[in-house]
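Dear colleague,

Please find below the sequence and the structure that I am passing on to you.

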Amino acid sequence: MSGKVKSRSAANADSMAGSVTCNERILRDCHQLYTEAESGLISVAQSVGVSLLPPRKKITVMLMGNHSAGKSSFINWYIEEHIQRTGVAIETQGFTFVTSGRKRESLTGNATLHLYPHFKPLQEFKGVSEYLSTEISTSRQKRFSLVTFVDTPGLVDGDMKYPFDVDQALLWLGELCDLVLVFFDPMGQALCKRTLNIVENLNETQGDKLRFFLSKADEAGAESDRQRVMMQIVQELCKRPGLNKCGFDMPTIYVPNPNKPSRCVNQIDEVCRTIEKTINQTVQNTLNALERDCEVIASAVRGRLQTDREDALYNRRARCQGCVLGLLGFAVPLLLLATLVLSSLSRELLDITLGESGTETLSLYLAPVDRLVSALSVRSQLCCCGALVVVSFVLLLVSRWCFRTRPTLSGKQKRQMQEKLEYVQDVVKDRKRKLYEDYLRQSVCDHDMD
């Protein structure tokens, strides 16, 4: 089992060398450790009654904001490909997943849910599935190979009607995504109440995922105009109790245009650093989750083996108790029959069979029974016999009940359990340790790893 996993991982590393980043390889290897057909952690966990989910190989970044805030333009700039339509009109009417792949392709809603099964609950929001799509690009610019962008509909106030409950869909997506980028544009829509309401609700449970940016900062006019817009947005946000917190940061960004140079400070690289930081944190979380899942599986296997030992001990006690009660159940009627037979035999026959001394000894032991039998009427004797038969029957039933045993593992199953425990404890944990070392070597020197 261990050799198989190692060889496949090595083959993957060799085949993808030079085209896959270290973090991408780590996430793929972790995913493979979970999803291997026979030796994957998911199948091992299922065999001991534990349910696990495989880690995702990419982070999910949701972009939200008011209408014409520059969300689609940012995605096009990040992947350096014009994949999303942009313009003054509301171009993005639904949810569009933008991800990297082998060839350029567009997927509809049903195909999107097959590609992203963890997003299937979106079907429960009436009308959303018709407005789901995926754009697959071959771009490998920046860290796009580790990112799936979710472009969301532009939010507006007033009588604007959406074909689905956009507020609830955004709140649900915000809980599932790893990072939520909120874009405010300075052209009159920055104070969109619908956007602020959703942001406030998201902040209650997903505040650590939210990042705020003033987009299209180069269109805000002079520096004084830009500062005034920033103050307005900050004041409006701070009116919301949940958003009024220290450490508030809102960098100014815009998509660079070589044909239209601007003197405005552009902090768009801050968005890239935020995405990269989320990727690094996801790698750490994935490796930590791998170790926790190994402990869960190992604990479940040890518990299963301990339960099997307890069941085997219980079965031995049950068999002993069942045998004792069963013997008593058979002994009572036999003893009754023997007593009646011996009581009915003549003195001369007993003398011939047992001898004079044996007969006297037997008579001594049977004297109480003889007195009891003689004192009882025939009807009473029959009742006593019936009662003894009932007692015997009850003892046999109790014996049968005590003989019930619990199912236990066979010798082969015990060996398989022990192999699973050793695989998780030795092979997977060792693989996780090496992956962690590979991750840390990107930022520390080799001598610091000792």
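This is a predicted model: local features need pLDDT of at least 70, side-chain atom pairs count only at pLDDT 80 or more; totals for chains, interfaces and linings use all residues.

Strands

I begin with β1, which spans residues 59–65. Seven of its seven residues are buried, so β1 is largely enclosed by the rest of the structure. Ile 59, Val 61, Leu 63 and Gly 65 point one way from the strand, while Thr 60, Met 62 and Met 64 point the other way, and all are buried. β1 pairs in the parallel sense with β5 over five bridges, and Ile 59 stands opposite Val 147 of β5. Five bridges also join β1 to β6 (residues 179–184), again running parallel; here Val 61 has Leu 179 as its bridge partner.

Strand β4 (residues 132–137) has five of its six residues buried, so it too is largely enclosed by the rest of the structure. It is joined to β2 (residues 95–100) by six bridges, and these two strands run parallel. With β3 (residues 105–107), β4 forms three bridges in the antiparallel sense, and Glu 105 stands opposite Ile 136.

Positive phi values

Most residues other than glycine have a negative phi. Two residues are worth checking on this point. Glu 80, in the loop between α4 (71–79) and β2, has a positive phi near 55°. With a relative accessible area of 51%, Glu 80 is exposed, the cut-off for that class being over 50%. Lys 142, in the loop between β4 and β5, has a phi near 50°, which is also positive. At 33% relative accessibility, Lys 142 counts as partly exposed.

Aromatic pairs

Trp 77 and Tyr 78 belong to a cluster linked by ring pairs, together with Phe 74, Phe 144, Phe 149, Phe 183 and Phe 213. The structure as a whole has 16 aromatic pairs. In one of them, Phe 95 and Phe 164 have ring centres 5.6 Å apart and planes at 35°, so the pair is tilted. This pair links distant parts of the chain, as Phe 95 is in β2 and Phe 164 is in the loop between β5 and α6, 69 residues apart. Phe 95 is buried at 0% relative accessibility, and Phe 164 is buried at 6%.

Tyr 436 and Tyr 439 form an edge-to-face pair, with 6.4 Å from centre to centre and 70° between the planes. These two residues are three apart in helix α12 (residues 411–440), and are therefore separated by about one helical turn.

A tryptophan in α6

Finally, which residues does Trp 172 touch, not counting residues up to four places away in sequence? Trp 172 lies in helix α6 (residues 166–176), and its contacts of this kind are His 118, Phe 119, Pro 121, Leu 122 and Phe 125. Trp 172 and Leu 202 are 30 residues apart in sequence, with their C-alpha atoms 9.1 Å apart in space.

With kind regards

Notes:
Residues are numbered from 1 along each chain as its sequence is written. Side-chain values use heavy atoms; hydrogens and water are left out. Buried means under 20% relative accessible area, exposed over 50%, partly exposed in between (1.4 Å probe, protein chains only). Helices (H or I, at least four residues) and strands (E, at least two) are DSSP runs, numbered from the N terminus. Two strands pair if DSSP finds at least two bridges between them. Contact means heavy atoms within 4.5 Å. Rings of Phe, Tyr and Trp (its six-membered ring) pair if their centres lie within 6.5 Å; planes under 30 degrees apart count as stacked, over 60 as edge-to-face and the rest as tilted.
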